[in-house]
Amino acid sequence: MSKRRPYVRSMDGWWRRNPYFVEYMIHEGTALFVAAYAGILLAGLVRLAEGEAAWNAWLAALKNPWYVGFHLFALAALAYHSFTWFKIMPRTMPPVIVEGQRLPAWVITGGGLAAAVVASLILLGVVWGMVR
Amino acid sequence: MESYRADVVIVGGGGAGLRAAIAVAEADPELRIALVSKVYPMRSHTVAAEGGSAGVKQASDSLEYHFNDTVHGGDWLCEQDVVDYFVAHCSEELTQLEHWGCPWSRTPDGRVNVRAFGGMKIERTWFAADKTGFHMLHTLFQTSIKYPSIKRFDEHFCVDLLVDDGRVQGVVAIEIASGELLCIEGRAVVIATGGAGRVFRENTNGGVVTGDGMALAYRHGVPLRDMEFVQYHPTCMPGTGLLFTEACRGEGGFLVNKDGYRYLQDYGLGPAEEKPRNKFMELGPRDRLSQAFWYEQQKGRTIEGQYGSVVHLDLRHLGEAKLRERLPQIYELAEQFLGIDPARTPIPVRPAVHYTMGGILVDGRCASPLPGLYAAGECSSVGIHGANRLGSNSLSELLVFGKVSGVEAARFARSVAAGNSASLNRQAQAVERRVQGLKLGRGNERIAVLRKEMAQTMEDGCGIYRLAATMQQTCDKLEELKQRFRNLRLDDQSSVWNTEWLLAIELEYQLDVAQAMACSALERRESRGAHQRLDGFEQRDDVNFLKHSQAHYVAGGPPRIDYGSVRITRSQPGTRAYGAAGEQAEQERKASHG
Amino acid sequence: MAEGQKTIEIEVLRYHPENDTEPHAQVFEIPFTDDMSVLQGVQYIKDHLDGSLSFRWSCRMAICGSCGMMINGVPSLSCQTFLRDYYPARVRVEALAHFPIERDLVVNMEGFIEKLESIQPYIIPREARTLSEGEYLQTPEQLGAYEQFSSCINCLLCYAACPQFGLNSRFVGPAALALLHRYNADSRDGGKAERMELVNSEDGVFNCTAVGYCSEVCPKHVDPANAVNQNKTNSAIDYFLRFLAPKGGAR
């Protein structure tokens, strides 16, 4: 009779065991804000289709301090999500070879982040232009 | 006791053992193969080989050159017919490994690239960056998975051979995970357990390199041949002994003393040139380079470090890009273990024990004098290394002779009937009682203390230069340690993963092997290759000692040493010279042969 | 211990199946020098304080892959992790996470070996070639396509870093998938279609949620997360190709 008795450790609370896992969970958690914000925009679209009064009511509701607070929080969450998303990006794609040299990870991450910032600024400019 | 019936049992899952297993499987898929290894195969010490594996590749090279380099490098203590077979089969085996997926470094046109190595006239060392052994081992291990007839017994520690009816018929092994013993029957057994460098203090070897298979064969009456020849590798990390591959010099690295002077030019290896020429300076053979270090130390021209004297391995002029490409592991070793950047700072190095040239006596077909028992790789003495092995010949050896041992073992297994299981089982039970008894030791000696004293006395007596008096002290000390071993005390009497028990068994193996080394060394009253004396025997003595030493096990005492002849076919012993002197000697040899 | 000798404490998670129902911590005090690895620390314990401590080790130079442990909660090779980076604080050492503990610091790795065997980790030749025809031609660029993935030393740190493997031990996991990709990406190999079955399977790449910690802890820069995620793309392509070419190579 073998005296082996391998001990299996519990996975309970695994995500608290390592800062890397905590960051991963926050990253995954912030995805909820991406979804929530998509929901808000969709609601706006529905209200727009319902007519001017409905649209204006929706706009007015957005000025509620709770909504403003939510937007600020969502902005922070989305920024964090984008940042960690681009950070992991080099690990998820095939190697990019430029002139026989493999593109280093920081270039891919940096490029992605730069693209995100530029896209956001353009969007901001467009909205700014429309508002004025 | 559980028992398993195989046809061929292979002990050792490193390069030679895996190559042997594949050879058996290819020779006859009907044969059941048991591959017994005390670690998972990819942990075996083949993994740590760095520089490369020799095989004639370039049009400017020839088998004759490889033969001459090997025989001269071995100070003519080689079996020349075996060397002939070896050099003729290296490239074929290396190509086979390429077909199996080994990621050899390539030239821009896609062919396998070769690099320069010590003592080799032409570049012929195939390499996979500086992780050649790692890639060869993993390629062999992963390829072995393809063959259903290979049944692996991973983490099974072989404790004895079963000999019945005048031939080997199996092994007894401990399943490490449970601590239970297992009888593995087989009509032929191949030992491929590697070297024994851990009997020395400062060495490049992994913890597993404890000479197990050598001791197993030795205790069953098979002589250990040429055990006095132990290779010191000249460029190792002070303290830990970790290896900085010879490829560092193959790629153009320099060895300098405390004045920044390339001191090898003072020891018959010069002249010093910017780019090291093959067989000159840093590309001389390992025994000569380690010996030169010793002299520099005597002259006070080495650098004093925390772990003894060092010289500098200077790679700075090669530049970071080339170092990262060709020597990435060396780069990381220097950074992580020494905290230095080799592209900016020279690496402190000193010689450490690296390789056992001698081993289990086998003929050119890997057969030992005990019928049914074969051996291949570092544990064996097939006769190609003589008194000093050339770097990159050992990886090729384990392929070429791993295969031979497998083919021959398969042939032998088919030629004999299966053994008498009842008789083998009785024997195995006796082995079990003995081995289990070791656990119960209630004396007052600790394993680590005995091991440390053994390693120290081996370094003292069997170092780069040797004296009769200190060698005698080492022999006496080893005898004392064997006595004290009987008085061992273990902290651990349990079964599951009892590694202290395994360490005790390994120590007993090591003491036997160490004794064979020291006693063979004492008896060799000449200087040849890696065996150098300072007590009136400074010269090579072909009249009395162009012979292989053979250590025979004697229960309860030191081994009996006798001698066997050396097979010389066409290369008569001559002056072994390198550098400019070597070039001149070669021209003279050519002239005299017309 | 000599007077004035610096010391450091190592806390080891012990488990002995013959005596213990569950693991427990034990603290040892050992002499400290600033070039000591954690491996040398536990070796000191075994040699001088408690011979019953069990762990695997061999090469001491980060190539054999034996000595992986959790060191202060991080999967690490103990031979290239140095006590000086923790001194004077206590260092916590535990068997690799997510594997069953056989005893002390020794884990059961049979599951990994089975996975390695399942990926067909050998060349399935794209075209046959005899030895007399010499080597297959493979340019440095073609070598570069798989070389990093062939550098895996099977140390299992990536599995100890992968929560998805911890939650589902059937997941083929980072190292085995990296090796699978290594063969698929080799210009000499033609076995990709055979291996895709496993990639696509329930235990395949889609268990990975791109935590990425596996690549973070890899001591050999294999970047297994990259191999796994490249194969998510390959798997998706393979899936759609099945619609386009019902009798094609993909199964």
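Into which domains is chain C divided? The assignment gives domain 1 (7–107) and domain 2 (110–244), where domain bounds come from an automatic or database domain assignment. This is a predicted model, in which local features need pLDDT of at least 70 and side-chain atom pairs count only at pLDDT 80 or more, while totals for chains, interfaces and linings use all residues. Residues are numbered from 1 along each chain as its sequence is written, and chains are lettered from A and ligands numbered from 1 in the order in which they are written. The model scores ipTM 0.97 and pTM 0.96. Chain C averages a pLDDT of 95, and 96% of its residues score at least 70; pLDDT is the predictor's confidence in each residue, from 0 to 100.

Let us stay with chain C and its two domains. The C-alpha centres of domain 1 of chain C and domain 2 of chain C are 30 Å apart. Their contact takes 14 residues from domain 1 of chain C and 13 residues from domain 2 of chain C, two residues being in contact if their C-beta atoms, placed from the backbone, lie within 7 Å. On the domain 1 side, strand 3 and strand 4 (74–77) of chain C are the elements that give two or more residues. Helices (H or I, at least four residues) and strands (E, at least two) are DSSP runs, numbered from the N terminus. Strand 4 of chain C provides the largest share of that side, four residues. By class, the domain 1 side that touches domain 2 of chain C has nine nonpolar, five polar and no charged residues. Here Ala, Val, Leu, Ile, Met, Phe, Trp, Tyr, Cys and Pro count as nonpolar, Asp, Glu, Lys and Arg as charged, and the others, Gly among them, as polar.

The covered face of strand 1 of chain C holds I8(C), I10(C), V12(C) and R14(C), while T7(C), E9(C), E11(C) and L13(C) make up the uncovered face. Strand 1 of chain C is joined by eight bridges to strand 2 (residues 24–31) of chain C, and the two run antiparallel; strands pair if DSSP finds at least two bridges between them. In this pairing, V12(C) stands opposite Q26(C). Three bridges link strand 1 of chain C to strand 5 (residues 91–94) of chain C, this time in parallel, with I10(C) opposite V91(C).

Is W57(C) buried or exposed? W57(C) has 26 C-beta neighbours inside 10 Å, so W57(C) counts as buried. A residue is buried if 20 or more other C-beta atoms lie within 10 Å of its own, exposed if 12 or fewer, and partly exposed in between, with C-beta atoms placed from the backbone. W57(C) sits in the loop between helix 1 (38–49) and strand 3 (68–71) of chain C. Leaving aside residues up to four places away in sequence, W57(C) touches G207(B), L39(C), S66(C), C67(C) and C79(C).

The contact between chain B and chain C takes 45 residues from chain B and 42 residues from chain C. Several helices of chain B give two or more residues to this side, among them helix 4 (132–144) and helix 14 (499–523). The largest share, five residues, comes from helix 3 of chain B. The side of chain B that touches chain C has 19 nonpolar, 17 polar and nine charged residues.

Chain B itself is assigned domain 1 (2–11 + 22–229 + 357–421), domain 2 (232–353) and domain 3 (443–542). The C-alpha centres of domain 1 of chain B and domain 3 of chain B lie 24 Å apart, and their contact takes 30 residues from domain 1 and 27 residues from domain 3.

Finally, chain A has four helices and two strands, which follow the pattern α-α-α-β-β-α along the sequence. The radius of gyration of chain A is 22 Å, well over the 14 Å that the globule rule gives for 132 residues, so chain A is more spread out than a compact globule. This radius is taken over C-alpha atoms, and the globule rule is 2.2 Å times the number of residues to the power 0.38. Of the 132 residues of chain A, 7% count as buried.
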